[in-house]
Amino acid sequence: RVRNLIESLKPQDLRNELFLVVSQPPWDWEIETDGKRISPRDVTTQKTMELAHRVPLDELLPLLPGLLEGEQRQAYTFGFELIKRHGHARELIAQAIAVLREVKAEDRNIALITGMLAAYSESHAKEADEIIASIATEEQFLWMVPSLIGSVGVAAHRVPTLVALAKSKKVAAGHFRQFGMGRALDKLSPTEVGPLLVTLFENGGDYWAIAIDLLGMYVYQRRDLLTHLHVALRTMYATVGRLRLDHRRTMSVHHFEEITSWLLSQDETSEVARYAAIKLAESLRDQAAGEDREGISDLIKGSIRPLFKFFGSAVWPIVGASAIGSSLSEMRLRFAIRGFEGHDSAAPVILELPETLLLTWCKSNPSTGPAFLASVLPPLEVQTSDDAGPTWHPIVRELIDEFGAEKSLRNAIDASLHTFSWSGSLTTYYSRYVKPFDELADHPIDAVRLWAQMSKARMETAVGREETRDIEQDAIWNS
């Protein structure tokens with residue numbers, strides 16, 4: 001009965017069959033043939049191919065409008081098989097384009113045409129290029145060109161067409177995204193792909209984001225190709241400061257971080273690596289000092305560690321200017337450097353810089369430098385064993401000994417004291433600070449001794465308060 005019902009529901013005319021097989025086929029179920037299982041997707045594709053092989057062209061042509069608008073799940077496969085089976089490719093493609101002109105611009109779907117052109121180009125590449133060139137003469141169809149080139153393959157002689165389209169900005173950036181999929185650019189040499197990347201980077205905005213996606217996929221597992229893309233890399237870093245990526249661009253951030261880490265870790269004498277480091281530092285400084293309420297972009301934040309690690313001495317004089325500037329720029333830089341890692345991180349980003357560099361910088365800026373450095377360092381040494389008692393982080397202790405008379409430093413340390421994560425009783429949370437302050441009881445700087453005495457007393461009061469709270473809580477639970 002079920003099979004009879006299914007058979008009775010099958011379309012009785014070609015229009016409905018095209019709709020149910022090509023345009024919006026239902027999600028089929030897995031079948032088994034000769035002991036082999038065929039996936040639902042393959043079942044649908046197989047039905048589409050069968051229809052393309054047996055459909056009469058004279059009956060199909062009047063129905064083309066229905067295949068060139070709205071959702072078309074299997075139109076590419078149908079168009080591809082149609083050309084393979086019936087031939088008459090040039091005429092069919094010309095008729096499809098003529099029909100497309102009559103479809104509302106917002107409803108157009110070119111999957112059928114891209115499938116046709118892909119099949120045609122396999123045996124008539126030159127003629128396929130002529131069709132694309134003809135389509136490109138109509139401004140209303142310019143947006144189709146990247147998809148059509150993608151369907152026939154991005155060969156070197158087709159790249160100038162894409163570059164010209166990108167320069168014109170008449171085609172939205174999203175139409176170039178497809179070249180980051182399926183290793184579409186892999187057959188091109190760095191010299192051939194470079195002009196397209198440069199143009200997209202220069203356009204900025206969404207084009208820039210697409211460019212980093214294309215570059216990231218092009219050099220995926222082939223990082224050595226970056227050594228032949230110096231112009232594209234210089235353009236990328238020259239324009240990075242003007243970019244804001246939305247939170248959907250997580251892969252763009254990933255590609256940028258991966259490429260930047262690789263580049264900066266290369267030979268420090270590399271002109272491109274040094275150029276990238278300086279541009280990143282300038283962007284970090286400018287974004288920290290800028291009026292943009294978003295502050296420093298996620299794109300820049302993720303590259304701070306390798307930037308400091310490999311080019312710290314060259315870039316800190318640039319970046320450090322924000323730390324001693326306005327309170328807003330100092331706050332933005334502090335958050336970018338410390339991020340969400342908190343003060344219980346065993347490897348703060350700031351420690352990628354040479355200690356001597358940081359202390360020398362503090363001496364040059366005694367009123368603001370030490371306070372900033374203390375705000376991005378964990379105040380206490382991260383303990384590696386339960387037996388070791390809490391003590392000051394070595395650099396923080398040096399700051400106290402050298403600049404303890406500065407109230408700004410003491411305030412910065414106070415602000416950092418309770419930023420550790422914790423669980424359990426708060427008595428141990430507060431008591432961990434008692435010993436470090438006790439170490440300063442005989443400090444030669446009067447202001448430090450007074451600060452330590454008052455802070456220790458405050459911590460001991462907090463410990464006593466939490467002990468009382470624990471006793472009361474225990475009594476409630478066990479009553």
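Colleague: Let us begin with Arg-101: is this residue buried, partly exposed or exposed?

Modeller: The classes rest on relative accessible area, with a 1.4 Å probe and protein chains only: buried is under 20%, exposed is over 50%, and partly exposed lies in between. Arg-101 has a relative accessible area of 36% and is therefore partly exposed. Please note that this is a predicted model, in which local features need pLDDT of at least 70 and side-chain atom pairs pLDDT 80 or more, while totals for chains, interfaces and linings use all residues. Residues are numbered from 1 along each chain as its sequence is written, and side-chain values use heavy atoms, without hydrogens and water.

Colleague: Which residue does the side chain of Arg-101 meet in a salt bridge?

Modeller: In general, side chains of opposite charge can pair when their charged atoms come close. For a salt bridge, a side-chain nitrogen of Lys or Arg must be within 4 Å of a carboxyl oxygen of Asp or Glu. Here the partner of Arg-101 is Glu-138, with 2.5 Å from N to O. This pair links distant parts of the chain, the two residues being 37 residues apart. Arg-101 belongs to helix H6 (residues 89-101), whereas Glu-138 is in the loop between helix H8 (125-135) and H9.

Colleague: How many salt bridges does a search of the whole structure find?

Modeller: The search finds 23 salt bridges.

Colleague: Which residues are linked with Arg-397 and Asp-401 in a network of salt bridges?

Modeller: Lys-435 and Glu-439 complete the network.

Colleague: How should I read a residue by its surroundings, taking Glu-398 as the case?

Modeller: One lists its contacts, meaning heavy atoms within 4.5 Å. With neighbours within four places in sequence left aside, Glu-398 is in contact with Glu-355 and Leu-359. Glu-398 lies in helix H21 and, with a relative accessible area of 35%, is partly exposed.

Colleague: Is Asp-213 buried or exposed?

Modeller: Asp-213 is buried, because its relative accessibility is 15%. Its place is in helix H12 (residues 205-218). Apart from neighbours within four places in sequence, Asp-213 is in contact with Arg-249, Met-251, Ser-252 and His-255.

Colleague: How far does a whole helix such as H15 reach from its first C-alpha to its last?

Modeller: Helices (H or I, at least four residues) and strands (E, at least two) are DSSP runs, numbered from the N terminus. The expected span of a helix is 1.5 Å times one less than its number of residues. Helix H15 (residues 271-289) has 19 residues and reaches 27 Å, close to the 27 Å expected.

Colleague: Which residues of H15 are buried, and what do they pack against?

Modeller: Among the buried residues of H15 are Val-272, Ala-276, Leu-280, Leu-284 and Ala-288. The buried residues of this helix pack against helix H13 (230-239), helix H14 (250-264), helix H16 (298-301), helix H17 (304-323) and helix H18 (327-338). Arg-285, by contrast, is partly exposed at 29%, and Asp-286 is partly exposed at 44% relative accessibility. Asp-286 and Arg-285 form a salt bridge, their closest N and O atoms being 2.9 Å apart.

Colleague: What share of the chain do buried residues make up?

Modeller: Buried residues account for 46% of the 479 residues in the chain. The chain has 25 helices and two strands. Of the contacts between residues at least 6 apart in sequence, 71% join residues at least 24 apart.
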